[in-house]
Amino acid sequence: MTRRLALIAVFSAASLLAAPPTPEQFFGFRMGADRSTHEWAKVSSYFRELEKGSSRIKVIRYGTSEEGRTMLAGIISAPANLARLEHYRQIQKRLVDPRRTPEAEALRLIAEGKTIVLITSAIHATEVASVHATIEFAHRLATAEDAKTRQILDNVILLLAPSINPDGLDLVTDWYRKTLGTPHEGTSPPELYQKYTGHDNNRDWYIFTQAETRSVVEGLHNQWHPQIVYDIHQMGPTAARIWVPPYLDPIEPNVDPLITQMANMIGMTIAADLTSAGRKGVAVNAMYDLWTPARHYQSFHGGLRILSESASVRIASPVTVRADQLSTTSLGYNARVSTWNHLEPWPGGEWKLRDIVDDELIVMESVCWQAATRREFFLRNFHQFAKNAVARREPFAFVVPAAQADPGSARRLLETLDFGAVEIERAESSIQVGSKTYPEGSYVIRMQQSFSSFAKALLEKQHYPDLRMYPGGPPKRPYDVTAHTLPLLMGVAVDTVKDQFAASLRRAREFSFAAAGAPPASIWPAADHTTWSKVNEAWRRGARVWRDPRTGHFASGPSAPAGFTEVRRPRIALYKSHMPSMDEGWTRWIIEQSGWAYESLGNPAIRAGNLRQRFDAIIFPDQNAAAIHEGYGKGAMPEEYTGGLGMEGAAALRAFGEAGGTLIFLNGSGQYAAQHLKLPVKNVLENVSNSEFYCPGSLLRVRADAASPLMLGLPREFTVWMQTSPVWEADSPKAASPVLRYSSAPVLESGWLLGEQRIAGRPALLDVPVGKGRAVLFGMRPQYRGQSYLTLKLLFNAMLLASPL
């Protein structure tokens, strides 16, 4: 009787609320109207208005963006469910851990629980349609009285995030409105639409570097463990009108097969619902794979990632695409041809923002309807995913020894896994595994836990399949990269233990390691990546810093330890083009994280010359030569954003090197140096087809070629991140010094590599004299997406090569 009275009270209160405004009333335009965009403050205000006017929505703050904006989501469900949110959240926590939930209790919870659906929108800020669609969908669920909506509300708890990149939303909106009605209407902004990562913000879902990623994971995923996550995206305008799962091969082997099968089921039902609604150009099982966990955290945490990709417009401006302009070369289908996975091609014509919104609304409703009508099915299998993970027997565990060459990286590795809800235990006494003894203080990650798939994917080596367009033909391009082995990226010793062992273990949430062969406490080891933060902090305080040129160790104090020489704070510049470079953003993020003082350097400042008086080292991020030298062509953007360095900039950079400065070129930017600074080097892969050599993002083995200050703090052999990278060779032995060479076969350590014989034994890092200075050519990405802590030392050492004037 008490429960019944409570429900009556909930519904009575709901009936007293004034109806919330429609989106059109609040914003002044229909959602999806041509040339309409949103600013985050008003989107947030609208969700607050819905909360005031409807008992079906509760607005929560789940985090803060990099630029300090509040990140909001609406929790939408029946009023009776909202009144017991914590109860349903606890059901999720019980079902996700079968070790603590007896089977009889699990069955009761499955019968009682609700399907948790998370919808994330506009992580890529130029893909604005989903903000419109989520606003309209929120209003529909908050006000509609039809039976279908009622069934969704009764059986689903929806977490609706209208933008998980609010900084980018405002940046794109400002740019779009600024250029509206000009020849540049619908262009992308001339800067990254996330402070550090731009489009790569959707590649951060296992390393968790950015505030937005951490907010979504910590405030939504790990709180609610959603059974379904619908992630809304857009693609190029000449593709199919919308793509939904099934995904292409390959599937990351640690994703539970049942998760993949259920994602296939939901995706095919979405495709049927779109077709039933008369929508054309619906594609499935094409273009997008399910490999790297950088893009799908939930697949390793008991959730189904339902991705949609809609054909784009020019931000919010309509486009016209003729039938003969539709793509014929996309992986897995032809946008002009009917096949089983693309049954009704779109005939071409005008394509509007509202078209995208219409499709996305159909997908949202389909996802929520499936979640509602098969509620027990989703909850039962959610529990089964966890049971499958806990039942894993091989390997038994991964062990991280207590002594590490880089204690800071080892700690960062475990903090990453811990943030991803992986349980880590500390050995209370020594552990004997076969003939090997691990000392007290070593860490153990047992696989008999709910999220062991996440840990296993990140700790083991990847063996990407050799997929070709046809037998013996060119490779099928993976959607992203092919390796994600954190121990190799970070330089951390981690052992895989196949068989069960006995140990006294205690759950750990804080982690510390001893430095292998550690110097005295007053000395900062060169191998520990946290040393660089200490060095920069000492410089910031005005303290003197010393370095041992033999070991690379640092110290700070009024006088030098024996054998140490003073190292003065270098004046660093990072090149920043008007053509946004994600690698520039990642580089900026990583040098800020380590405390470096630096200046962003644009085209006019370089062309002005006199660079050596201002800087000791200039870093060029991974960017192609044309973007650096030419930039945007005349008319492509407003005048102030056009042009590149040109001949004047090249001459200024050459003069900088000749006067003793260090020029650092990361990955593809080295081609600019070779072409326009006239360095005596060539890229031996320049005219090699991808059928003969292909490395789309893998970890390769290298060895030190000669003693160099660039190698201080690094082992003689390790792995580097190669991703469509150049391989430099000098025109003559005296023209440059190879610092690193790729190993003899096998070169591949993790990922996918074709044609390794073309690079075996060739340089991966070249030190090229330029007058009194030098150019350092990285045939790799030493700061790859904020996670390659091992090779960061190469970059930081390069930043110290030139003596400050």
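**View 1. Gln-449, a buried residue in a loop.** In this predicted model, Gln-449 is buried, with a relative accessible area of 3%. Its place is in the loop that runs between strand E18 (443-446) and helix H15 (452-459). Look for a polar atom of the Gln-449 side chain: the backbone oxygen of Arg-446 lies 2.7 Å from that atom. Setting aside neighbours within four places in sequence, Gln-449 is in contact with Arg-99, Ala-389, Val-390, Ala-421, Val-422 and Glu-423.

**View 2. The largest cavity and its lining.** Three cavities of 30 Å³ or more are found in the structure, and the largest cavity holds about 80 Å³ of space. Its lining is made up of 13 residues, and those closest to the centre are Thr-120, Trp-205, His-221, Asp-231 and Gln-298. Two elements, helix H10 (211-224) and strand E5 (228-235), each give two or more residues to this lining. Sorted by class, the lining of the largest cavity has five nonpolar, five polar and three charged residues.

**View 3. His-225, in the loop between H10 and E5.** Here we stay with the two elements of the previous view: His-225 sits in the loop between H10 and E5. His-225 is not a glycine, yet its phi is positive, at about 45 degrees. Most residues other than glycine have a negative phi. His-225 is also buried, with a relative accessible area of 7%.

**View 4. Asn-285, another residue with a positive phi.** Asn-285 has a phi of about 50 degrees, which is positive although Asn-285 is not a glycine. You will find Asn-285 in the loop between strand E8 (282-284) and strand E9 (289-290). Asn-285 is partly exposed, with a relative accessible area of 22%.

**View 5. The hairpin of strands E1 and E2.** Strand E1 (residues 57-64) and strand E2 (residues 70-76) pair in the antiparallel sense, over seven bridges. Together E1 and E2 form a hairpin with five residues between them. In the turn, Gly-68 has a positive phi of about 95 degrees.

View 6. Most peptide bonds are trans. The bond from Glu-394 to Pro-395, however, is cis, with omega near -5 degrees. Pro-395 belongs to the loop between helix H13 (375-390) and strand E13 (397-400). Ala-745 and Pro-746 are also joined by a cis peptide bond, with omega about 0 degrees. Pro-746 lies in the loop between strand E33 (737-742) and strand E34 (748-750).

**View 7. Val-768, a buried residue of strand E35.** Val-768 lies in strand E35 (residues 763-770), and at 0% relative accessibility Val-768 counts as buried. Leaving out residues up to four places away in sequence, Val-768 touches Leu-679, Pro-680, Val-681, Ala-735, Ala-736, Gly-773, Arg-774, Ala-775 and Leu-777. Lys-734 is 34 residues from Val-768 along the chain, and their C-alpha atoms are separated by 9.3 Å.

**View 8. Helix H23, largely enclosed.** All 11 of the 11 residues of helix H23 (residues 789-799) are buried, so the helix is largely enclosed by the rest of the structure. Among these buried residues are Leu-790, Leu-792, Leu-794, Leu-795 and Phe-796, along with Lys-793 and Asn-797.

Technical notes
Residues numbered from 1 in each chain as written. Predicted model: local features only at pLDDT ≥ 70, side-chain atom pairs only at ≥ 80, totals over all residues. Heavy atoms only, no water. Helix = DSSP H or I, 4+ residues; strand = E, 2+ residues; numbered from the N terminus. Buried < 20%, exposed > 50% of the residue type's maximum accessible area, 1.4 Å probe, protein only. Polar contact = N/O pair within 3.5 Å; in protein donor to acceptor, adjacent residues only side chain to side chain. Contact = heavy atoms within 4.5 Å. 1 Å grid on protein atoms, 1.4 Å probe; cavity = no way out; pocket = protein on both sides within 12 Å on 5 of 7 lines; lining within 4 Å. Points joined across faces, edges and corners; volume = space filled by probe spheres on them. Nonpolar A, V, L, I, M, F, W, Y, C, P; charged D, E, K, R; others polar. Pairing = 2+ DSSP bridges.
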